[in-house]
Amino acid sequence: MPGHEPRTFRSMFISDVHLGSKAAKAEFLIDFLRYHDADIIYLVGDIVDGWRLRRSWHWPQSHNDVVQKLLRKARKGASITYIAGNHDEFARQFQGVHFGGIVVADRAIHETADGKRLLVIHGDQFDTVVHNQRWLAYLGDHAYDAAMNVNRVVTRLRQLLGLPYWSFSSWAKVKVKKAVNFIGSFQTVLTEEARRSHVDGVICGHIHHAAIENFDDVRYINTGDWVESCTAVVEHFDGRMEILTWAQVLPESLDEPFIPMLIEDRVGQAA
């Protein structure tokens with residue numbers, strides 16, 4: 001980014017931050033949010049990792065700073081919708097409630113600048129393992145923690161060698177046949193849900209694999225994550241959608257002071 005000037009978009013989609021887990025790259029997201037803004041922001045599930053917080057409490061200042069940064073954007077006028085996921089499923093009981101200007105929902109319909117209607121949903125509702133074999137989902141979550149530990153070792157070694165960030169787990173995901181098959185099945189199911197919902201496409205998260213693809217008449221968009229790949233999806237003012245990757249923290253990015261803000265609870269209409 002020449003001169004590191006902030007960029008403004010019509011809308012922005014972020015998912016799978018997993019605040020509360022050691023794998024969350026909160027500093028990267030704070031940095032991204034400092035240099036990117038949007039009139040409409042969707043938090044597409046798993047922003048907070050309730051599964052890990054139940055096992056052990058981990059909430060450093062950087063995780064609190066992410067929350068404050070988002071609340072500040074809402075205070076400045078951004079329309080922010082929090083779509084609940086499986087790791088933050090506790091939020092589903094607060095549908096329609098505003099927290100500091102952020103409204104909670106299970107799903108939403110976003111209309112792009114060029115008139116396309118997109119279903120915004122986390123996607124865990126269509127993961128049979130999450131819903132039908134919950135014990136297996138928790139087992140997989142522990143296995144994922146192990147992969148993240150490997151990821152941290154690789155990241156540290158690359159830092160010592162002066163190399164840029166690279167995600168071992170993201171690389172493995174596109175090399176392991178079962179993972180590739182799962183991604184393909186997930187995309188198929190989500191595009192079918194978009195057709196049933198009579199919309200032009202779907203924007204989701206859940207599988208930590210950013211993508212923008214067309215399946216016949218339906219556009220499939222996945223926002224990726226802020227654990228492995230550090231990606232977000234943005235909509236330009238002409239309706240064009242783009243994946244942005246932000247796997248580097250700029251040296252001047254963390255000097256912005258954060259101040260506590262009062263969160264007002266009120267019942268309102270979902271966006």
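Me: How many salt bridges does this predicted model hold, and what counts as one?

Reply: A pair counts when a side-chain nitrogen of Lys or Arg lies within 4 Å of a carboxyl oxygen of Asp or Glu, and by this rule the count comes to ten salt bridges in this model, which is a predicted one.

Me: Which residue forms a salt bridge with Glu235, and which parts of the chain does the pair tie together?

Reply: The partner of Glu235 is Arg10, with 3.0 Å between the closest N and O atoms. Because Glu235 belongs to strand β11 (residues 231-235) and Arg10 to strand β1 (residues 7-14), the pair ties together parts that are 225 residues apart in sequence. Glu235 has a relative accessible area of 0%, so Glu235 is buried.

Me: Where do Arg92 and Asp124 lie, and are they buried or exposed?

Reply: Arg92 and Asp124 form a salt bridge whose closest N and O atoms are 2.9 Å apart. Arg92 sits in the loop between β3 (79-83) and β4 (97-99), while Asp124 sits in the loop between β7 (117-121) and α4 (128-132), and the pair, 32 residues apart, links distant parts of the chain. Both Arg92 and Asp124 are buried.

Me: Which residues are linked with Arg92 in a network of salt bridges?

Reply: The network of salt bridges links Arg92 with Asp106 and Asp124.

Me: What does the salt bridge of Arg240 with Glu242 look like in its distance, and why does Arg240 count as partly exposed?

Reply: For Arg240 and Glu242, the closest N and O atoms are 3.9 Å apart. Arg240 counts as partly exposed because its relative accessibility is 45%, and Glu242, with a relative accessible area of 25%, is partly exposed as well.

Conventions: Residues are numbered from 1 along each chain as its sequence is written. This is a predicted model: local features need pLDDT of at least 70, side-chain atom pairs count only at pLDDT 80 or more; totals for chains, interfaces and linings use all residues. Side-chain values use heavy atoms; hydrogens and water are left out. Helices (H or I, at least four residues) and strands (E, at least two) are DSSP runs, numbered from the N terminus. Buried means under 20% relative accessible area, exposed over 50%, partly exposed in between (1.4 Å probe, protein chains only).
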